[in-house]
Amino acid sequence: ATHGGVTKVNAHPHLAANKSFALVQNGVVENYQELKRRLLEDTYNFVSETDTEVIVGLLEKEMKIKNEETLLVETFIKVFKKLAGRNTVVTIGIDGKIMAIKNGSPLVVGRSRDGEIYFSSDVLSMSLDVSEYFILQSGQMVIFDSVNNKLSVTNIESGKKLKIKFVPLDHKVERVDKN
């Protein structure tokens, strides 16, 4: 854990209070203390000691303002732009939609021969499961609609949809472990 001890409440994923989405983050929210102070002033009730939960709080606050039942793309982008530092944030909603935005910290999207989609911070961790992958660039957002099995990538500044170019996984891994 970047912030807080290694405990169950500090572990990812962090859930929205209404259970409408879960969130994980790879990186550091450098301005989390300022953001946390503002949320506390708005009476947000923190469960963990992490900077990641600040993102959940910001999303919940914005969803409440917009009267959203599920996390929308525009809300996710708006909150992500408030974060300082290198980070990648991934959410999964009760609607089965996975959204991820990258700024610095790595994010790899893999696809199996059967069309299953995987998200990871590196190719090696999913090399036993995927046959091809692409690396998301900073300032890009990937959305996977698991209900319709649709994958898209967008530039968060321009809103322009980008072409996805999967690269074949060209190495064979017989065993993956911490050694």
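Predicted model: local features only at pLDDT ≥ 70, side-chain atom pairs only at ≥ 80, totals over all residues.
In helix 3, which comprises residues 73-80, the buried positions are Thr 75, Phe 76, Ile 77, Val 79 and Phe 80.

Two packed helices are described by the angle between their axes and the distance between the axes. For helix 2 and helix 3 the angle is about 135° and the axes are 10 Å apart, which makes helix 2 oblique to helix 3, and the crossing of this pair is right-handed. On the side of helix 2, the residues that meet helix 3 are Ile 55, Leu 58, Leu 59, Glu 62, Met 63 and Lys 66, and their counterparts in helix 3 are Glu 74, Thr 75, Phe 76, Lys 78 and Val 79.

Helix 2 also packs with helix 1, the axes of the two coming within 10 Å and crossing at roughly 45°; helix 1 is therefore oblique to helix 2. Here the crossing is left-handed, and the contact is made by Tyr 32, Leu 35, Lys 36 and Leu 39 of helix 1 together with Val 54, Gly 57, Leu 58 and Lys 61 of helix 2.

Within helix 1, Tyr 32, Leu 35 and Leu 39 are buried, and because they cover an arc of only 65° around the axis, they lie on the same side of helix 1. The cover over the buried residues of helix 1 includes helix 2, whereas the face turned away from the buried side carries the exposed residues Gln 33 and Glu 41. Helix 1 is followed by Thr 43, for which phi is positive, near 65°.

The loop between helix 1 (32-41) and helix 2 (52-66) contains Ser 48, a residue that is buried, with a relative accessible area of 6%, and so falls under the 20% limit by which burial is defined. The side chain of Ser 48 makes a polar contact with the side chain of Thr 50, at 2.9 Å. When residues up to four places away in sequence are not counted, Ser 48 touches Val 9, Asn 10, His 14, Lys 36 and Glu 53.

Notes:
Residues numbered from 1 in each chain as written. Heavy atoms only, no water. Helix = DSSP H or I, 4+ residues; strand = E, 2+ residues; numbered from the N terminus. Buried < 20%, exposed > 50% of the residue type's maximum accessible area, 1.4 Å probe, protein only. Polar contact = N/O pair within 3.5 Å; in protein donor to acceptor, adjacent residues only side chain to side chain. Contact = heavy atoms within 4.5 Å. Arc of directions from axis to C-beta. Axes fitted to C-alpha atoms, helices over the stretch in contact; angles between N-to-C directions. Parallel < 35°, antiparallel > 145°, perpendicular 65-115°, else oblique. Left-handed = near helix turned anticlockwise from the far one by under 90°.
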